[in-house]
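Colleague: I have a model open and would like to learn how to read it. Can you take me through it feature by feature?

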Amino acid sequence: MRTRMPKNGGISDPSGLAAVHTVRLPLWPYLVTPTGSVGLAVATGLAHWRWGDQPTTVGAAAAGLTLAGTALTSLTWRAAAARGIVRRAVATTTCVAGSVWAIGATIAGPWASPWSDMWLIGAPTATIAMAVVRVLRNGDSDDPTTTGGGLADAVKSLRNASVARPTIKGAKATAGVTLEAGTSVRELANDRAALASALDVPETAVRVIPDPDSARRGRVEVVPVDQLRAMVPWPGLSAPGRSIAEPIVLGVMEDGEPLTLWLPGDHGAGRNAAHFLIVGMSGAGKTEVILNIAAEVISRPDAELWLADPRKFDQLPTWAIQGAARTAGTEDDTNELLEDLYTDITGRARQIGAHGHKQWTKGCRQCPRYRVAIIDEASQVAAGNPLVTELTEAARSAGISLVFGLQRASHDRFPTSARANIPGSICLGVDKDVDASMALSEATLDAGAMPWAWKNTKPGYLYAEVPGTDTTRWSMPCRSYVADEDHRAGAVAPYLGGQPTTRPEPARPAPHPRPKPTMTDDDSDHDDEPNQAINPNDPPDDVDPAEPIRIPPGMPRIPLGLREPAMGTDEARQVMEQFIIDLHDAGHDVVRPGDFGAVIAETGRGHEWVRAELRRLSNGPNAILRKTDRGVWKIRIPQPA
């Protein structure tokens with residue numbers, strides 16, 4: 001049942017329609033105050049009958065009532081903080097008045113003057129005041145985040161919309177919105193700045209979430225107070241010693257829920273394996289997020305970490321380098337790491353599919369360990385590299401997740417096609433809105449995500465698009481954990497293996513056992529003779545095996561076949577070009593950096609010089625090589641006319 005009460009005494013507004021409020025039945029909430037007033041009068045009467053004739057007892061009772069009234073008043077003021085200043089003031093004032101009256105009525109009796117007169121005046125006054133506040137709960141309010149009309153009126157002032165009764169959950173006010181036919185929620189989203197101005201809150205505090213089933217329905221969320229301003233310390237590893245299939249907790253969301261992400265896929269949950277792009281300007285907290293992910297991967301026994309940072313590898317913590325199965329600290333090493341990742345895809349996919357699995361599966365002993373490759377400062381190697389695109393296309397089905405960290409995901413820093421193949425994104429503070437559009441989806445930005453408003457002034461603030469989670473929550477601000485480095489190193493220490501390798505060592509075949517010689521009578525005579533290669537009179541060396549071997553001064557070095565001094569640049573280039581021509585004449589159409597061992601020995605030049613020359617010979621009008629996406633160079637020597 002509902003009753004409709006005219007607003008402003010039934011005076012019509014300029015449109016000719018009377019504004020009304022709706023009062024929901026039953027009316028028991030309106031009876032709380034009068035019932036409480038009657039109950040308080042009866043209680044004070046019984047208290048006076050019990051303690052009124054004993055001066056000592058009544059004094060103690062008055063002291064107890066004073067403490068109880070103070071505590072109840074503080075509780076009321078605190079509990080009403082989210083209900084607006086008007087209702088907070090009314091509720092607290094009523095509580096104070098009731099507490100003072102209860103003390104006097106207990107001492108003198110509720111029927112004594114002036115306490116009875118005060119009750120006759122105060123009880124109806126409090127009842128009416130509380131009823132008015134409740135009736136007008138959808139009316140104007142000083143606080144736009146309450147269930148009052150601030151939020152509803154602000155929306156109506158911008159669009160001719162039907163706004164449901166706002167509700168409060170924690171510090172967030174939410175109201176359902178239905179726009180008139182022919183108007184979409186996206187138009188309301190474009191008015192977020194005006195809506196924030198009407199509510200007198202920051203623009204980042206307003207979000208407009210569309211309804212996936214209707215273009216003109218949605219909801220407006222307002223969080224006027226920043227819930228993430230306090231730094232959130234890292235609580236420890238999410239699931240140490242358990243599977244990588246369990247979620248990784250990186251931080252907290254605005255509503256207090258944990259920020260979780262998954263790397264492997266789960267067929268039962270309808271979730272595919274995911275790659276992630278982590279974007280943030282310098283100082284926004286990108287490295288902290290990457291290190292937290294690395295620590296989580298190291299602590300999962302069915303996962304392995306490949307870690308590359310061609311720009312600041314030497315600044316990585318020791319535990320990250322020791323815990324990685326493969327590392328790369330230069331641009332060339334990172335390129336080789338990417339090439340090895342691509343080379344492994346076919347074998348890993350064959351191993352996973354040989355026993356009927358379409359993707360890496362938790363608990364499968366026949367599947368390889370899940371591989372997580374983190375490439376920080378990815379723009380150093382990804383720009384214009386088609387191998388990155390092919391990795392993002394094929395790696396997920398082979399049990400590999402790629403995590404790329406970079407400051408700006410523009411086309412000149414990261415391949416656009418590769419970016420389209422990465423379903424997950426973590427965007428920290430960026431410089432401009434165009435930078436955010438390269439990391440976040442259009443729907444997330446339309447809903448209210450504004451990472452450019454933070455820049456690098458709020459390290460750790462981020463928006464996360466995590467596959468397998470509710471897309472309507474992608475526009476909710478989050479904040480990553482901040483770890484004490486000693487705490488994180490101590491948590492990861494039990495899971496550290498041996499030293500990582502810069503390149504995976506090839507498997508060596510097991511040595512064939514030598515046939516055991518047939519024992520003869522002549523041989524048996526020498527079984528007990530000592531080994532003639534050992535001098536029993538030579539004492540053991542008195543050296544510490546932990547000390548490095550030192551070469552005595554003046555000892556000649558053993559030549560390794562390198563030319564000393566190194567050949568001049570022009571002459572060495574002629575040797576290298578002639579070597580390539582000879583390969584082409586011999587029927588070879590591709591060449592790899594490892595094929596130039598003879599050139600290195602003849603010229604005395606190093607591996608880095610060979611790579612630089614390969615790049616030089618693949619550029620310019622007279623290029624005789626072409627770089628492919630397989631880590632090889634195709635020979636293209638022009639034929640004579």
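This is a predicted model: local features need pLDDT of at least 70, side-chain atom pairs count only at pLDDT 80 or more; totals for chains, interfaces and linings use all residues.

Colleague: Which residues line the largest cavity?

Modeller: They are Thr287, Ile290, Leu291, Leu307, Leu316, Ala320 and Asp376. Helix α8, residues 286–298, gives the largest share of that lining, with three residues.

Colleague: How much space lies in the largest cavity?

Modeller: About 40 Å³. A search of the whole structure finds one cavity of 30 Å³ or more.

Colleague: Next, the nonpolar core. What is the general idea?

Modeller: In soluble globular proteins, nonpolar side chains tend to be buried together. Here the largest nonpolar core has 90 residues. Those touching the most other members are Leu263, Leu338, Leu341, Ile374, Phe404, Phe414 and Ile426. The largest share of this core comes from α8, with eight residues.

Colleague: Take leucine 338. Which residues does leucine 338 touch, not counting those up to four places away in sequence?

Modeller: Leucine 338 touches Ile375, Val381, Asn385, Leu387, Val388 and Leu391.

Colleague: Why does valine 575 count as buried?

Modeller: Compare its relative accessibility with the cut-off. Buried means under 20%. Valine 575 has 17% relative accessibility, so it counts as buried.

Colleague: What is valine 575 in contact with, leaving aside its neighbours within four places in sequence?

Modeller: Valine 575 is in contact with Met567, Glu602 and Thr603. Check distance along the chain against distance in space, too. Valine 575 and valine 599 are 24 residues apart in sequence. From C-alpha to C-alpha, valine 575 and valine 599 are 7.0 Å apart in space.

Colleague: Last, confidence. What pLDDT does the protein chain average?

Modeller: The protein chain averages 78. Of the residues, 77% score at least 70. Then look at individual stretches. Over residues 1–25 the pLDDT is below 50. That stretch, residues 1–25, has 34 contacts in the model beyond near neighbours in sequence. Over residues 502–541 the pLDDT is also below 50. Residues 502–541 have 10 contacts in the model beyond near neighbours in sequence.

Technical notes: Residues are numbered from 1 along each chain as its sequence is written. Side-chain values use heavy atoms; hydrogens and water are left out. Buried means under 20% relative accessible area, exposed over 50%, partly exposed in between (1.4 Å probe, protein chains only). Contact means heavy atoms within 4.5 Å. pLDDT is the predictor's confidence in each residue, from 0 to 100. On a 1 Å grid over the protein atoms alone, a cavity is a set of points where a 1.4 Å probe fits but cannot get out, and a pocket is an open set with protein on both sides within 12 Å along at least five of seven lines; lining residues have an atom within 4 Å of a point. Grid points are joined across faces, edges and corners, and a volume is the space filled by probe spheres set on the points. Helices (H or I, at least four residues) and strands (E, at least two) are DSSP runs, numbered from the N terminus. A nonpolar core is a set of buried Ala, Val, Leu, Ile, Met, Phe, Trp, Tyr and Cys residues joined through side-chain atoms within 4.5 Å.
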